[in-house]
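This report goes through a few local features of one structure. Please look at the sequence and the model first.

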Amino acid sequence: MAAMIKAIGFLELNSIAKGIEAADAMLKAAKIDIYLATPTCPGKYIALIYGDVASVEGAMRTGIRIGGEHVIDDLVIPNIDEQIFPAITSTTDVARIGAVGVIESLSMASLIAAADASTKEADVRIVEIRLGSGIGGKSYVTLTGDVADVRAAVSSGVEAIKQTGNVVYFTVIPSPHDDFKELLL
């Protein structure tokens with residue numbers, strides 16, 4: 001599936017009912033595919049769509065219009081990094097843990113933008129993207145690689161979203177304990 005993805009759109013709402021309505025309208029508005037549409041913590045609704053850039057942009061305009069005051073955050077990313085989808089679905093294949101970087105966000109959409117910016121900045125692997133569910137609506141991305149690359153990636157990811165005010169915390173652990181590395185794999 002990842003090879004077909006030209007762009008993604010992500011819509012995050014604070015109403016489950018309005019989120020269902022917006023997701024349906026997005027599918028009706030343009031020729032896109034929906035990868036994920038689900039309620040999440042704490043009472044939010046998210047929709048992740050993909051397709052060609054123009055279709056994703058059109059569907060997102062519709063979703064934002066229908067969502068109205070219930071839209072918390074949204075994004076469109078053309079040419080999304082190929083690591084993003086496996087990381088969201090917990091199907092990453094990371095063979096070795098080096099330095100570890102973590103970016104934590106209040107918004108799921110901004111976290112995806114940070115993860116994409118991070119992977120495009122430096123030679124890092126995404127270990128995991130956790131979106132909101134079971135963690136109070138927060139989201140985080142965990143990255144690994146050489147220390148310099150992880151620092152550059154985290155810096156780029158934070159820079160990409162700091163104007164949103166959604167950055168909770170970020171860190172780089174240059175040399176994680178071996179027991180901790182095992183927990184990440």
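Leaving aside its neighbours within four places in sequence, which residues is Ser110 in contact with? They are Asp73, Leu75, Ser105, Ile161, Thr164 and Asn166, where contact means heavy atoms within 4.5 Å.

The model is predicted, so local features need pLDDT of at least 70 and side-chain atom pairs count only at pLDDT 80 or more, while totals for chains, interfaces and linings use all residues. Residues are numbered from 1 along each chain as its sequence is written, and side-chain values use heavy atoms, with hydrogens and water left out.

Ser110 is placed in helix α4; helices (H or I, at least four residues) and strands (E, at least two) are DSSP runs, numbered from the N terminus. Its side chain makes a polar contact with the side chain of Ser105 at 2.7 Å. A polar contact is a pair of N or O atoms within 3.5 Å; within protein, one must be able to donate a hydrogen and the other to accept it, and residues adjacent in sequence count only if both atoms are side-chain atoms.

Two residues can be set side by side by accessibility. Buried means under 20% relative accessible area, exposed over 50%, and partly exposed in between (1.4 Å probe, protein chains only).

| Residue | Relative accessible area | Class |
|---|---|---|
| Ser110 | 3% | buried |
| Asn79 | 58% | exposed |

Asn79 lies in the loop between β4 (71-78) and α3 (84-88). Although Asn79 is not a glycine, its phi is positive, about 55°. Another loop, between β2 (33-40) and β3 (44-51), holds Pro42, which is joined to Cys41 by a cis peptide bond with omega of about -20°.

The largest nonpolar core has 32 residues, of which Ile8, Phe10, Ile84, Ile112, Ile126, Ile129 and Val141 touch the most other members. Such a core is a set of buried Ala, Val, Leu, Ile, Met, Phe, Trp, Tyr and Cys residues joined through side-chain atoms within 4.5 Å. Helix α4 (residues 108-121) gives the largest share of this core, six residues. Apart from this core lies another, of eleven residues, including Ala7, Ala30, Val56 and Ala59.

Helix α1 (residues 16-29) and helix α2 (residues 53-67) have axes that come within 8 Å and cross at roughly 150°. That makes α1 roughly antiparallel to α2, a class for angles over 145 degrees. Axes are lines fitted to C-alpha atoms, for helices over the stretch in contact, and angles run from 0 to 180 degrees between N-to-C directions. Among the residues making the contact are Ala22 and Met26 of α1 and Ala59 and Ile66 of α2.

How values were computed. Angles under 35 degrees count as roughly parallel, over 145 as roughly antiparallel, 65 to 115 as roughly perpendicular and the rest as oblique.
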